[in-house]
Amino acid sequence: MRFEIHILSSGTGSPTVIHNQTSQLLIVGRYHFLIDCGEATQFQLVKYGYSYMKVSHIFISHLHADHYTGLIGLLNTYNLNHRTAGLHIFAPEGMEEIIQVQLRLSAVSLRYPLHFHLTNTDEESQLLELKELSVTTFPLKHRLPVTAFVFREKERPPGIRKEMASALSPEACQAFKKKQDFRDEQGSLMKWADYTQPAPSPRSYAFVTDTVYLPEIASLLKNIDILYHEATFGDDMAEHAAEAAHSTTTEAALLAKAAGVKKLLIGHFSNRYTDLQPLLFQSRQIFPETYLATEGSSFHIPYNR
Ligand SMILES: [Zn+2]
Ligand SMILES: [Zn+2]
């Protein structure tokens with residue numbers, strides 16, 4: 001099953017020739033999730049050749065313009081393309097109002113159902129439960145209510161060993177997949193562990209943007225495979241970062257280290273930085289497995305047995 005993070009754009013408010021505003025595409029198996037939807041999102045989706053019609057769920061971290069202004073354009077494009085499949089939008093209070101005003105004043109009537117879901121900006125909570133994965137959210141600290149999103153694959157049952165499968169009854173297989181031993185017709189006990197191989201470890205991704213440094217959230221990010229954390233500023237701007245309710249490269253790295261994540265992606269770069277290598281260097285001093293979340297880059301999480 002695919003588990004891929006595709007960076008559509010990773011800039012802040014004012015676009016530059018390198019950066020557009022924040023947006024990412026997360027593909028998990030058959031699901032296409034859009035995380036934040038800055039102004040140029042639909043252009044980036046087209047530019048990099050993604051099947052944007054497949055997006056079924058959109059997660060908006062907060063209502064600063066650089067994280068949602070691409071939404072109305074994308075919704076209209078879906079209409080023009082005769083979309084009929086429902087679309088779920090998870091966002092803080094106000095998102096639905098903004099979109100409904102725009103649709104109403106443009107006299108647009110959508111051909112597909114649009115479902116808004118409020119994110120809980122006060123405490124950690126479950127957002128979405130699917131067969132293969134779950135999505136949770138928890139509040140960050142910024143100039144507006146903002147939440148992080150954590151996508152965790154569910155644990156899968158152990159697999160029956162291929163060489164043994166043909167000799168087993170369906171009842172025995174069922175029991176083994178539930179990690180239960182099975183007694184056959186002759187009364188002998190068959191141990192599930194002898195007939196199965198462990199399923200791959202569940203994979204996970206966390207998206208943390210637009211926040212001051214919050215060391216206390218490390219406990220909510222334990223053992224995450226890939227953490228995206230904003231690093232709007234380098235260490236040269238640490239004081240300004242705190243005033244603007246953003247984080248630095250070093251702070252992002254400290255959090256990744258404390259949480260014990262496997263990989264850190266940094267992004268949401270201030271447009272004052274034309275060369276990102278010093279930012280990467282600063283984070284890698286503390287957390288060597290840091291990578292730049294630049295436009296067009298992709299990160300795959302392979303199965304880990
Ligand atoms: Zn922002
Ligand atoms: Zn913001």
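**A walk from ring to ring**

Let's start with F59, which counts as buried because its relative accessibility is 0%. Buried here means under 20% relative accessible area, exposed means over 50%, and partly exposed is anything in between, using a 1.4 Å probe and protein chains only. Before going on, note that this is a predicted model, where local features need pLDDT of at least 70 and side-chain atom pairs count only at pLDDT 80 or more, while totals for chains, interfaces and linings use all residues. Residues are numbered from 1 along each chain as its sequence is written, chains are lettered from A and ligands numbered from 1 in the order in which they are written, and side-chain values use heavy atoms, with hydrogens and water left out.

Now the wider view. The protein chain has nine helices and 18 strands; these are DSSP runs numbered from the N terminus, with helices being H or I of at least four residues and strands being E of at least two. Its C-alpha trace spans about 75 × 50 × 35 Å along the principal axes. Of its 305 residues, 52% count as buried. Contact means heavy atoms within 4.5 Å, and among contacts with a separation of 6 or more, 64% are between residues 24 or more positions apart.

Back to the rings. The structure holds twelve aromatic pairs. Rings of Phe, Tyr and Trp (its six-membered ring) pair if their centres lie within 6.5 Å; planes under 30 degrees apart count as stacked, over 60 as edge-to-face, and the rest as tilted. F59 pairs with F151: the centres are 5.2 Å apart and the planes stand at 85 degrees, so this pair is edge-to-face. The pair links distant parts of the chain, as F59 sits in strand β4 (residues 55-59) and F151 in strand β9 (residues 147-153), 92 residues apart. F151 is buried too, with a relative accessible area of 0%.

For a stacked pair, look at F176 and Y195, whose ring centres are 5.0 Å apart with planes at 10 degrees. F176 lies in helix α5 (residues 170-177) and Y195 in helix α6 (residues 192-195), so the pair ties together parts 19 residues apart in sequence. F176 is buried at 0% relative accessibility, whereas Y195 is partly exposed at 21%.

F59 and F151 also belong to a cluster linked by ring pairs, along with Y31, F33, F90, F149 and Y205.

A charge sits over a ring if NZ of Lys or CZ of Arg is within 6 Å of the ring centre and within 35 degrees of the ring normal. R203 lies over the face of Y303, 3.9 Å from the ring centre, and the charged end of K263 sits over the ring of Y291, 5.2 Å from its centre.

Next, take helix α8 (residues 249-259), whose buried residues are T249, T250, A252, A253, L255, A256 and A259. An α-helix has 3.6 residues a turn, so residues three or four places apart point the same way. The cover over the buried residues of α8 includes β15 (226-230), β16 (263-267) and α9 (277-286).

Last stop: L110, in the loop between α3 (95-105) and β6 (114-118). L110 is partly exposed, at 22% relative accessibility. Leaving aside neighbours within four places in sequence, L110 is in contact with L75, N79 and L103.
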